[in-house]
Amino acid sequence: QVQLVESGGGLVQPGGFLSLSCAASGSIFRIADMGWYRQAPGKQRELVASILSGDSTTYAESVKGRFTISRDNAKNAVYLQMNSLEPEDTAVYYCHAQIYTSLITRVNFWGQGTQVTVSS
């Protein structure tokens, strides 16, 4: 079985910064995409940022220039550095990974979610 365990998040004032981490463990053959999604109350879950195994990245327009995604393949981990946070960034943030559990079996896995609150 595979688990994604997140850490980080919390309460920060507008203009502040936070870092999120997510590590995958378990029966992992290799990891393809990794990324972060978020879901605010009353809204659909949306992509924040993703990173391919070759380090190609994608960002939501609303976070470009403020957030940075990175990964450490040796640690099966993905990170999200969030700067210049705005109240609109308040949401539950979820780690996501496309993981091959065998040569041909690819499964989507999700973390448990971590709350990020931006408020004065």
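This is a predicted model: local features need pLDDT of at least 70, side-chain atom pairs count only at pLDDT 80 or more; totals for chains, interfaces and linings use all residues.
Two strands are said to pair when DSSP finds at least two bridges between them. In the order β1-β3-β8-β7, 4 strands form an open sheet, and their pairing is antiparallel. The edge strands of this sheet are β1 and β7, each of which pairs on one side only. From one strand to the next, the twist of the sheet averages 15 degrees. Strands of a sheet pair through backbone hydrogen bonds, and the pairing can be either parallel or antiparallel.

## Strand β8 and its two partners

Strand β8 is joined to β3 by 6 bridges, the two strands running antiparallel. Within this pairing, Ser 21 stands opposite Tyr 79 of β8, while Leu 20 has Leu 80, also in β8, as its bridge partner.

Another 6 bridges join β8 to β7, and these strands likewise run antiparallel; here Arg 71 has Val 78 of β8 as its bridge partner. Which residue takes a positive phi in the hairpin of β7 and β8? In this hairpin, which has 4 residues between its strands, that residue is Asn 76, and its phi is near 50 degrees.

## The nonpolar core

The largest nonpolar core contains 30 residues, and among these Trp 36, Leu 80, Met 82 and Tyr 93 touch the most other members. At least two residues of this core come from each of several strands, including β1 (2–8), β3 (18–26), β4 (30–39) and β8 (77–82). The largest share, 5 residues, is supplied by β9.

## Salt bridges

Side chains of opposite charge can pair when their charged atoms come close. In this model the count comes to 5 salt bridges, and a network of them links Arg 38, Glu 46, Arg 66, Glu 86 and Asp 89. Arg 38 meets Glu 46 in a salt bridge with an N to O distance of 2.7 Å, and Arg 38 forms a salt bridge with Asp 89 as well, where the closest N and O atoms are 3.0 Å apart. Because Arg 38 lies in strand β4 and Asp 89 in the loop between β8 and β9, this second pair ties together parts that are 51 residues apart in sequence.

Are the residues of these pairs buried or exposed? Both Arg 38 and Asp 89 are buried. The relative accessibility of Arg 38 is 6%, so this residue falls under the 20% limit for a buried residue. Glu 46, by contrast, has a relative accessible area of 37% and is partly exposed.

A further salt bridge brings together the side chains of Lys 64 and Glu 61, at 2.8 Å from N to O. Lys 64 is partly exposed, at 46% relative accessible area, whereas Glu 61 is exposed, with a value of 64%.

Methods. Residues are numbered from 1 along each chain as its sequence is written. Side-chain values use heavy atoms; hydrogens and water are left out. A nonpolar core is a set of buried Ala, Val, Leu, Ile, Met, Phe, Trp, Tyr and Cys residues joined through side-chain atoms within 4.5 Å. Buried means under 20% relative accessible area, exposed over 50%, partly exposed in between (1.4 Å probe, protein chains only). A salt bridge is a side-chain nitrogen of Lys or Arg within 4 Å of a carboxyl oxygen of Asp or Glu. Axes are lines fitted to C-alpha atoms, for helices over the stretch in contact, and angles run from 0 to 180 degrees between N-to-C directions.
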